[in-house]
Amino acid sequence: MPRIAVVDTARAEAGVLATLSAVKAKIGMTPNLFSTFAQSPAVLNGYVGFSDALAKGALTARQREIIALTVAQANGCEYCLAAHSLMGKGAGLSPDGLRKARAGTADDTTDAAIARFARRVLEAKGQVADADLTAARSAGLDDGRLLEIIANVAINVLTNYTNNAAQTVIDFPKVDLTLQPA
């Protein structure tokens, strides 16, 4: 049972209902995370706006999913692992690619650098070393992409922490939190 309930749509504001309807139209369902965020229209709309803005950035959908999986695994967020495993598959990640993303790596050099930098940002709470920036730049990541990685880590921390605190009911195919070796 969730510790923070999904919003009661019978009592929700018209703006919240409109946002939830737009989410459903876009992805075909209204995930429980969004219905939980809807308890605060500011959080719901802030998340949707930030997510939409990041989707228009330089990072590909696959790269954003790699970051989401890296962060969800590190934060032990079963809800986000389930959601992003499904979305990662849709973005072109193979089962091995999903596993590698969860482990903070990838086969592609650029994607691996993105996952590594995301993991360092998370582990260092943003206080990355000069060597982390040098390594990321050496792998071809410019400052714009570095900022987008940081922003994607931040938005995923928001969803991870919300789901972990709320104990959001998982409405995606469940994924075992234990990372299996290759």
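Visitor: Why is alanine 166 called buried?

Guide: Buried means under 20% relative accessible area, with exposed over 50% and partly exposed in between, using a 1.4 Å probe and protein chains only. Alanine 166 has 0% relative accessibility, so it counts as buried. Before we go on, please note that this is a predicted model, in which local features need pLDDT of at least 70 and side-chain atom pairs count only at pLDDT 80 or more, while totals for chains, interfaces and linings use all residues. Residues are numbered from 1 along each chain as its sequence is written, and side-chain values use heavy atoms, with hydrogens and water left out.

Visitor: Where is alanine 166, and what does it touch?

Guide: Alanine 166 sits in helix H9; helices here are DSSP runs of H or I with at least four residues, and strands are runs of E with at least two, numbered from the N terminus. Contact means heavy atoms within 4.5 Å. Not counting residues up to four places away in sequence, alanine 166 touches Pro2, Arg3, Ile4 and Thr36.

Visitor: What makes glutamate 148 buried or exposed?

Guide: Glutamate 148 has 16% relative accessibility, so it counts as buried. This residue is also found in helix H9, and it touches Gly57, Ala58 and Leu59, leaving aside residues up to four places away in sequence.

Visitor: And how do you know whether serine 35 is buried or exposed?

Guide: The relative accessible area of serine 35 is 11%, so this residue is buried. Serine 35 lies in helix H2 and touches Val6, Val7, Leu20 and Thr30, again without residues up to four places away in sequence.

Visitor: What is the span of helix H3, and how does it compare with the expected one?

Guide: The expected span of a helix is 1.5 Å times one less than its number of residues. H3 covers residues 41–55, 15 residues in total, and reaches 21 Å from its first C-alpha to its last, close to the 21 Å expected. Its buried residues are Leu44, Tyr47, Val48 and Leu54. They cover an arc of only 135° around the axis, so they are on the same side of H3; the arc is that of the directions from the helix axis to the C-beta atoms. These buried residues pack against helices H1, H2, H4 and H9.

Visitor: Why is the pair of phenylalanine 34 and tyrosine 47 called edge-to-face?

Guide: Rings of Phe, Tyr and Trp (its six-membered ring) pair if their centres lie within 6.5 Å; planes under 30 degrees apart count as stacked, over 60 as edge-to-face and the rest as tilted. The centres of phenylalanine 34 and tyrosine 47 are 5.5 Å apart and the planes are at 75°, so the pair is edge-to-face. This pair links helix H2 with helix H3, 13 residues apart. Phe34, Phe37 and Tyr47 form one aromatic cluster.

Visitor: What makes tyrosine 79 and phenylalanine 172 an edge-to-face pair?

Guide: Their ring centres are 5.8 Å apart and their planes are at 85°, so this pair is edge-to-face. Tyrosine 79 is in helix H5 and phenylalanine 172 in the segment after H9, 93 residues apart. Both tyrosine 79 and phenylalanine 172 are buried.
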